[in-house]
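Colleague: Thanks for making time for this one. Could we go through its surface and its aromatic rings together?

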Amino acid sequence: MGSVRSCIIIACVAIISVAFLPTLPSFNVLILLFVPVLLALLTAAGRRLLPIFLALLLGLTWATGYGYLRLHQQLPPALEGLDLWVEGEVVGLPRVNERSQGFMLQVLKLELSDKAAHQLDELTTAQSLQRLRLNWYKNWREVRPGERWRLLVRLKRPHGFANPG
């Protein structure tokens with residue numbers, strides 16, 4: 001049962017299972033999962049299952065770490081809906097349809113508008129935003145890759161799979 005193929009399958013199942021959890025497990029839970037691995041080292045039967053336990057733990061740890069990394073890269077909730085001045089460079093090709101134009105903007109500078117000046121403490125956490133997916137709905141002008149823009153934007157956090165951010 002400890003073949004490489006079995007370990008790969010179990011690691012993949014562990015990674016996929018984290019995606020279906022309602023919340024990400026804490027790292028304390030993952031540390032507790034090391035206990036069966038340590039116990040497996042003490043028994044002869046457990047040594048045969050050790051690669052399986054390690055593959056499961058590796059998959060769970062990788063998926064959980066990636067999930068926390070993606071959550072850390074999101075817009076801080078306090079900045080959602082505020083007007084911000086964003087200066088950046090268009091990266092990739094814009095998506096154009098009849099109602100809007102969407103594009104990725106590599107953030108070079110981020111400032112609060114006058115209306116949002118009371119949220120100044122949240123700006124430092126927003127400075128970690130590196131790339132934004134923007135949609136321009138009304139009176140939009142054509143943007144091209146490599147162009148630099150300064151725009152007044154109102155950002156929203158991604159919700160569900162419809163807006164992957």
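Predicted model: local features only at pLDDT ≥ 70, side-chain atom pairs only at ≥ 80, totals over all residues.

Colleague: Which residues make the nonpolar surface patch?

Modeller: The patch covers about 420 Å². Helix H3, residues 34-42, gives the most to it, with three residues. The patch is made by Leu32, Val35, Leu39 and Leu42.

Colleague: Is Val35 buried, partly exposed or exposed?

Modeller: Val35 has its place in helix H3. Partly exposed lies between under 20% for buried and over 50% for exposed. Val35 has a relative accessibility of 42%, so this residue counts as partly exposed.

Colleague: Now the rings: are Trp62 and Tyr66 stacked or edge-to-face?

Modeller: The count comes to two aromatic pairs. In the pair of Trp62 and Tyr66, the ring centres are 5.7 Å apart and the planes are at 5 degrees. Planes under 30 degrees apart count as stacked. The pair of Trp62 and Tyr66 is therefore stacked.

Colleague: Which helix holds both Trp62 and Tyr66?

Modeller: These two residues are four apart, about one turn of the helix. Tyr66 is partly exposed, at 43% relative accessibility. Both residues lie in residues 44-72, which is helix H4.

Colleague: And how are the rings of Trp136 and Trp149 arranged, stacked or edge-to-face?

Modeller: Trp136 is in strand S3 and Trp149 in strand S4, 13 residues apart, so to speak a link between distant parts of the chain. Their ring centres are 5.4 Å apart, with the planes at 90 degrees. Planes over 60 degrees apart count as edge-to-face, so this pair is edge-to-face.

Conventions: Residues numbered from 1 in each chain as written. Heavy atoms only, no water. Patch = residues over 30% accessible without salt bridge, like charges linked within 9 Å, V, L, I, M, F, W, Y side chains within 5 Å. Areas by Shrake-Rupley, 256 points an atom, 1.4 Å probe, with all protein chains shown as cover. Salt bridge = Lys/Arg side-chain N within 4 Å of Asp/Glu carboxyl O. Buried < 20%, exposed > 50% of the residue type's maximum accessible area, 1.4 Å probe, protein only. Phe/Tyr/Trp six-rings, centres within 6.5 Å; stacked < 30°, edge-to-face > 60°.
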